[in-house]
Amino acid sequence: MVFSSIEFLLYFLPIFILIYMIVPQKLKNVVLVLGSMVFYAYGDLFGLGLLAVSTAVNYLLARMIRRRSGLVAALAANIGVLILFKYYQGGAMLPIGISFYTFQIVSYLVDVYRGEVAAERNFIDFAAYVMMFPKLVMGPITSYKDLRKQLHRRRCDAECMQDGLKLFILGLGGKVLLADRLALLWNEVQVTGFESISTPLAWIAAVAYSLQLYFDFAGYSVMAMGLGRMLGFKLPENFRQPYMSASVREFYRRWHMSLGNWFCKYVYIPLGGSRRSEGRTFCNLLAVWLLTSLWHGTTGNFMIWGMGICLLIVLERQMGRLWKRMTQNRDGGKVPMICHLYLVAVIPVTWMCFAIPDLEQLGIYLSRMFGLRSAVAMYVGDWQKALGDYGLLLAAGIVASTPMVRWIYQKLEKKWFGMILLAVCFWFCVHRILLQGENPFMYLNF
Amino acid sequence: MKRFKKWSFVILLAITGIVYCGIDRDLLEITRWESLVPMVEGSPEDDWNLQQEESVSASGMEGDIRNGEADQTGVPDPGTQGEEPGQAQPDDPENMASQSQNLTVSGEPEGEEVPPEPEPEVVIGRVEEDYFADALFLGDSRTVGLGQYGSLKDIATFYASTGMTIYKLLGAEIVEMPEQQKKITVEEALQHLNFRKIYIMMGINEVGGGTAESFAKAYGEVIARIQELQPDAIIYIEGILKVTKARSDKGDYINNEAIEARNEAISQLADGEKIFYLDVNQAVCDEDGGLVKDYTSDGVHLKAKYITLWEEYLKDNAVLLDGTSGESTDPAVPVDSAPTDPAVPVDSAPTDPAVPVDSAPTDPAVPVESAPIDPAVPVDPAPIDPAVSANPDPMDPADSAPMAPAEPAAPMENGEQ
């Protein structure tokens, strides 16, 4: 089930929340596990079996592991299953959310082995950690350590529930009103064929895709946070206005933060991080980004994307050192405007590498972006038309990428006016979903 | 009270939900129906009627009032310009029946009707771009692509929009007119302008509903109506472009078997005289029977780069009309160009006996007159309005039959002046 679907919004969520609020504290985790299974089974019955087995086995493993070899074997089994499905099934049968819950289980096993946290004794509580539907499908990747206390005891009242609901609606709005509609521009460009778009349109579409990807994922993460809060959990923030960054390094500290933190904690730091030589730091960064690329997908374009990011990060690192030496910290930590411009110019290009799996097509797109190849059968006014059709939406997306939305939300959330706005927003989203079908492409008219 | 305040947001959400359901229900139904046409199961006859009703109710109360007035006085409100009788009286079944009858009949008895005219021999051949100067393309997003990325974009006229279906084609407000803010419907546009060739490519959106037969029936009704409005035009039924094999095998309603069945059904509508079927798929399909994979990114639409294949096919398979174009390319042309005046093709449509209301005595030459001048320029309403001349003797408003094509002339004119 997808959060932005009618089944979830109008059936699953109200019924689940009602039951969840009624049952006594002791039974809440049971209800959560059962509800999550229903949620998951709706989309993928086979995957549910794997998820249940994986949960049960890892519950036992964590309690048994004493030696290093045991840990290595357990990690190999988990990651092996992930690789098996991700890389040998061609992605067709990929169980929903496997990349996310496998990483959570890995973090749990490692944390328990390191003695940072005790293995969970209660199977239901552990199952609730792995399976809870708010974060099951697309994260945020949350460590057991952060949730342990809340799993056992959490406040769950009208205030929490409604605060979470409001946050959920905010994320839903981002996904339905911005991401899904911006996606249509990217779709149009694909239908036209990359060899036939003008250079301005290539840039506009890249920006539209960048915004779409952001509101899709960040919207989802905010919905997850909201749902978590409705149930009494505090899930970590996953995005912090990444497009406001001044460097690619900073961007990836603010984009999909839970994944970045995971790689930092379980790969980068154990390898030595940046505390050793520059050469070693470079190797560590390379390792992290190799794995990040593989985690996102096996096709070559993800490797190009990841390696491109890695290269930029390494260059920025060296530039930063140089800058520091030159100014000797006299700049007062102020970031020049040019850094922001650099970021918003370079990120859409990297996203194109992310978006286009076919390398030849990727080449065509990039060459159109930089005018390195002349267009075939181009419609000269295409970018004006795109701006006419999507200009407002792009502007709304850009504004919503700033901290302004958060700020306004926090100001108005408790006021009647803000609450009415959110309630209307919710039903408007429902209306849009009914119109377009859950997925804008599924029922897209030709 | 305290409890109420505690749950204020949930209560608010519920209230807005009730309000939304109450107010928006009608709007929702309409918009939903319109955007989900392919998803609607059931007979397209229902679709058709539904569509007609929707288009009236969608335009709001105005439509109802207009209907009422038209029935009473026979001279509708001048404010409602260019309304067609077919649309104004949507729920008249005879209307539809006579139209479809018209279509089926027009094929055979023509020879008997007009014995003196020698049958112009139809020659299919290669034409150049100028052939399309008085051509109109009707269609869905695929034709939008043709109009945007093809070489004919500045030459031909395109009334196409994404999500278009044969059921809503005539009533679709998609035509921009110079000096008019509001877009007018295709049907209205066909009353104002003249085209000599009309290409139709539609059907992919319809695949999800109805059967091949019901689709072809609706298609035939639309063609009949177009012929009524544009009696001189050659109508090209372009076969629905197939999808790639991969897209077809996806397992949903969009598949090549369904498309083939529908193409087979609509190809039967061709009469070889005024209506022709073009198997465009020849130009873009491979041995798998589907669209060539490289020609498309979504499996359904041709990429801009390959639109030219479609265009070339249309250029290679045009009906060469006496003097219209392609004169030198085909030796057969002189044969049929000799006797006939280009303005007066063997057009029996206006004198068709199947349409009793249509005043028979019309001079077929009159409406045609305007054609050669400039097909795309709006026909000057006052003197040579075909609708007016078609009925020189205005009928008694009392027994104005629903079909009377003369009816709308008055409001149309009033509206324009």
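The model is predicted: local features need pLDDT of at least 70, side-chain atom pairs count only at pLDDT 80 or more, and totals for chains, interfaces and linings use all residues. Residues are numbered from 1 along each chain as its sequence is written, while chains are lettered from A and ligands numbered from 1 in the order in which they are written.

**Helix pair in chain A**

Helices here are DSSP runs (H or I, at least four residues), numbered from the N terminus. Helix 10 (residues 199–231) and helix 17 (residues 382–400) of chain A have axes that come within 10 Å and cross at roughly 30°. Axes are lines fitted to C-alpha atoms over the stretch in contact, and angles run from 0 to 180 degrees between N-to-C directions.

Helix 10 of chain A brings Pro200(A), Leu201(A), Ile204(A), Val207(A), Ala208(A), Leu211(A) and Phe215(A) to the contact. Helix 17 of chain A answers with Asp382(A), Trp383(A), Ala386(A), Leu387(A), Tyr390(A), Leu394(A) and Gly397(A). Contact requires C-beta atoms, placed from the backbone, within 7 Å. By class, the residues of this contact are twelve nonpolar, one polar and one charged. Ala, Val, Leu, Ile, Met, Phe, Trp, Tyr, Cys and Pro count as nonpolar, Asp, Glu, Lys and Arg as charged, and the others, Gly among them, as polar.

**Interface of chains A and B**

Chain B puts 35 residues in contact with 25 residues of chain A. On the side of chain B that touches chain A, helix 2 (8–35), helix 8 (141–149) and helix 14 (307–316) of chain B each supply at least two residues. Helix 2 of chain B gives the most, with 13 residues. That side of chain B has 14 nonpolar, 13 polar and eight charged residues.

**Backbone geometry in chain A**

The peptide bond from Gly139(A) to Pro140(A) is cis, with omega near 5°. Pro140(A) lies in the loop between helix 7 (133–136) and helix 8 (144–152) of chain A.

Two residues have a positive phi although neither is a glycine.

| Residue | Phi | Loop in chain A |
|---|---|---|
| His256(A) | about 45° | between helix 11 (248–254) and helix 12 (257–268) |
| Ala377(A) | about 50° | between helix 16 (359–369) and helix 17 |

His256(A) counts as buried, with 21 C-beta neighbours inside 10 Å. Ala377(A) is partly exposed, with 18 other C-beta atoms within 10 Å. Buried takes 20 or more other C-beta atoms within 10 Å, exposed 12 or fewer, and partly exposed lies in between, with C-beta atoms placed from the backbone.

Notes. Two residues are in contact if their C-beta atoms, placed from the backbone, lie within 7 Å.
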